[in-house]
Amino acid sequence: MSSPADTVRRPETLNLARRIGYRLLPGEGFSYILHLRPREWPIMAAHTAVGILLATGWSATEIREHREAAAAALVLWVIALNGGTLAVNSAFDDDDGDIGYLEAPPKPPRHLAAFSIGLMAVGQGLALFLPPLFAIAYAVCFAMSILYSVPPFRWKAVAGADWIINMWGFGTFTPLAGWAATGRPLEPWAILVFLGFCPLFAGFYPLTQFYQFEEDRRRGDRTLALVLGIRRSLLVSIGCVGLAFLLFGAAFVHAPAPRAWPALLLAAAGWLLVLVPWLRRHESMTPEEHQRGMYAALRAWAVTDIAVLVCFA
């Protein structure tokens, strides 16, 4: 007999949004939407928009001129590519516990893999109508998504390969795609900013895995964080975050009109406030506390995005 707690955690009745969703799309229909992980869309949209605003600045004229391409890029990158990537990951993981941006995940629908790969493929076709650099960035990340999740490749289970794909895909290519959607040629300072986001995500990515160690062990996945352990992963994260801010600093020196440099120092301090106490307490932390730490690091990421815009846009 199930307990009240078990009833609350049922995927179909976890909250009001799910109860409504499963009424509107009965059976497995709403499960397809949930595995696209809509809770993550605002985060991905914000990081993509960083690239758009770095290209246009705060000029209302520039923003209006590129608004249609920017809107199309956000839909394709956030929902088709990123949503499809997360869904195809779910299709082959078959997780039982909470996963990133999806608590109490429903059982993956029967055709989730075909649905998610098809969604990404449709997005690739539509990306061809945007500037070439955007279509190229989409194609590279599409390929990395397949390599990351789909057997026989499944690089997410290979320590180091999982890390490299994520640091480049989310870290560098996402804001680069936003810039590319405007059609503006790349500038050296912008390249340094986009490269800075690569080690920043390299620092963030291991933090997303600590609370999933048991799931990863059960599947036999050898993620980088699992191989390194929590302490060494946190030390790597601190080093990567430091490298990221060195690259942001180099971009600041080369930017044509940099300003408000203390914003970068504030963002760096935010990361240290998350990572240093985590390093000191990690041995006594529960999986739930590690999960809360991940969301705290995500807030530090958001502060960094804002700081970059304040300094360079």
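What volume does the second largest pocket have? The second largest pocket has a volume of about 150 Å³. The structure is a predicted model, in which local features need pLDDT of at least 70 and side-chain atom pairs count only at pLDDT 80 or more, while totals for chains, interfaces and linings use all residues. Residues are numbered from 1 along each chain as its sequence is written, and side-chain values use heavy atoms, with hydrogens and water left out.

Some terms come first. Rolling a probe the size of a water molecule over the atoms shows where empty space is left. The search runs on a 1 Å grid over the protein atoms alone: a cavity is a set of points where a 1.4 Å probe fits but cannot get out, and a pocket is an open set with protein on both sides within 12 Å along at least five of seven lines. Lining residues have an atom within 4 Å of a point. Grid points are joined across faces, edges and corners, and a volume is the space filled by probe spheres set on the points. Helices (H or I, at least four residues) and strands (E, at least two) are DSSP runs, numbered from the N terminus. In the linings, Ala, Val, Leu, Ile, Met, Phe, Trp, Tyr, Cys and Pro count as nonpolar, Asp, Glu, Lys and Arg as charged, and the others, Gly among them, as polar.

The second largest pocket is lined by Gly97, Asp98, Tyr211, Gln212, Glu214, Glu215, Pro287, Glu288 and Gln291. Helices α10 (213-219) and α14 (287-312) each supply at least two of its lining residues, and the largest share, three residues, comes from α14. By class, this lining divides into two nonpolar, three polar and four charged residues.

The largest pocket has a volume of about 200 Å³. Its lining includes Leu14, Asn15, Phe30, Pro38 and Tyr101. The elements that give two or more residues to this lining are α2 (16-24) and α3 (29-35), with the largest share, three residues, coming from α3. Eight of the lining residues are nonpolar, one is polar and three are charged.

The whole structure holds two cavities of 30 Å³ or more, and the largest cavity has a volume of about 740 Å³. It is lined by 37 residues, of which Leu86, Tyr148, Asn166, Phe201 and Tyr205 are the closest to its centre. The elements that give two or more residues to this lining are α4 (41-56), α5 (60-93), α7 (132-149), α8, α9 (188-204), α10 and α14. Helix α5 gives the most, with seven residues. The lining of the largest cavity has 18 nonpolar, 12 polar and seven charged residues.

Helix α8 spans residues 161-181 and has 21 residues. From first C-alpha to last it reaches 28 Å, close to the 30 Å expected at 1.5 Å a residue, where the expected span is 1.5 Å times one less than the number of residues. A kink of about 40 degrees lies at phenylalanine 173, shortly before proline 175; the bend at a residue is the angle between axes fitted to the seven residues ending there and the seven starting there. Of the 21 residues of α8, 19 are buried, so the helix is largely enclosed by the rest of the structure. Buried means under 20% relative accessible area, exposed over 50%, and partly exposed in between, with a 1.4 Å probe and protein chains only. Glycine 183, which follows α8, has a positive phi near 80 degrees.

The loop between α7 and α8 holds several residues to look at. Proline 152 lies in this loop, and the peptide bond from proline 151 to proline 152 is cis, with omega near 5 degrees. Arginine 154 is in the loop too; its phi is near 45 degrees, a positive value in a residue other than glycine, and it is buried at 14% relative accessible area. Glycine 160 is also found in the loop between α7 and α8. Its C-alpha is 9.0 Å from that of alanine 225, although the two are 65 residues apart in sequence.

Arginine 37, in the loop between α3 and α4, has a positive phi of about 55 degrees and counts as buried at 5% relative accessibility. Tryptophan 58, in the loop between α4 and α5, counts as exposed at 53% relative accessibility.
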